[in-house]
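Trainee: I'm new to this one. Can you walk me through it?
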Amino acid sequence: MAQINPGAAEFPHRQIADQLRAQIRRGDWQPGERLPSIPGIAEQYGVAKQTVQRAIDQLRVEGMLITKPGSGTYVRGTKRRLNRLSRGRYGGHRGYHADLAARYRQQLIEVTRAPAPAEVADAFGVKDGTDLIVRRHLVRVDDAPVEVGAAWFRPQDAAGTSLERMEAFGRPLYQEAEEVIGRRYASASDVISARQPSREEAMILQIRPDTPVLHLLHVAFDPAHKPIEVSQATWPGPQTTLTEEYTIPGPAPDPGPDPGLALA
């Protein structure tokens, strides 16, 4: 029988979480494998079901477990590493190639006109609720939804173009937008925040409503610093890491003594 130490300073649910975590890391349960039921684990440890539920919740927030309503609790696979900030999205050099688009595995799910949410309206400098063109997408990995997102354009820029049609492109979206809008993407900004998901986001990403998400607001500008596109992406926080690699400048060379001072 699995045991906890009632005399330990650590709370029982944390002791159980530590032991379950160790079992998962040891490989007792493989990614995608279902754990025993909460009543079953509670019986093993001789504790109340609520104590086990707290342990499961802790490991779920850490990203080790995923709970599927009506099915059970499963070991989550490895975290999805992302570097889809501005530089990752546009690649290391400009070129109208299709390989960058192929890496994203996006599924276009809707193209329509919809009222702009506040953060999108602010980025475009329009009133909240202004009708804009939106292209919504979903990204899956091994049939699991890992990203829900949307790209927004102003109707005066994109109305009647391919951006308003339900079609995928054989190249990155920004390259299509540059050609049909006639403005070059020159700079971009990313704002990342952590928050609770909306009800719709939780349903699409198949996560519990109390699971935190990471949210990206991406704004792309033309050379005059006028926004061309505003994009959003939302990822389940516990299974997502954002990484970016870059070089660190070396120390500046010593300029040597000031010649003016030497003459003084």
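This is a predicted model: local features need pLDDT of at least 70, side-chain atom pairs count only at pLDDT 80 or more; totals for chains, interfaces and linings use all residues.

Trainee: In what order do the six strands of the open sheet come?
Mentor: The order is S4-S5-S6-S9-S8-S7, with antiparallel pairing. Strands are DSSP runs of E, at least two residues, and helices are runs of H or I, at least four, numbered from the N terminus. Two strands pair if DSSP finds at least two bridges between them.

Trainee: Which strands stand at the edges?
Mentor: S4 (106–115) and S7 (187–195) do. Each has a single partner strand, so one side of each lacks a neighbour in the sheet.

Trainee: How many bridges pair S8 with S9?
Mentor: Nine, between residues 213–221 and 227–236. Val219 faces Val230 in S9. Phe221 has Pro227 as its bridge partner in S9, and Ser187 stands opposite Phe221 too.

Trainee: And what's in the S8–S9 hairpin turn?
Mentor: Five residues lie between the strands, and His225 in the turn has a positive phi of about 65 degrees.

Trainee: How many residues of S8 are buried?
Mentor: Nine of its nine. Buried means under 20% relative accessible area, exposed over 50%, partly exposed in between (1.4 Å probe, protein chains only). Both faces are covered, with Leu217 on one side and Leu216 on the other, among others.

Trainee: New topic: why is H8 largely enclosed?
Mentor: Seven of its nine residues are buried, so the rest of the structure largely encloses H8. Among them are Leu173, Tyr174 and Ile181. Just after H8, Gly182 takes a positive phi of about 85 degrees.

How values were computed:
Residues are numbered from 1 along each chain as its sequence is written. Side-chain values use heavy atoms; hydrogens and water are left out.
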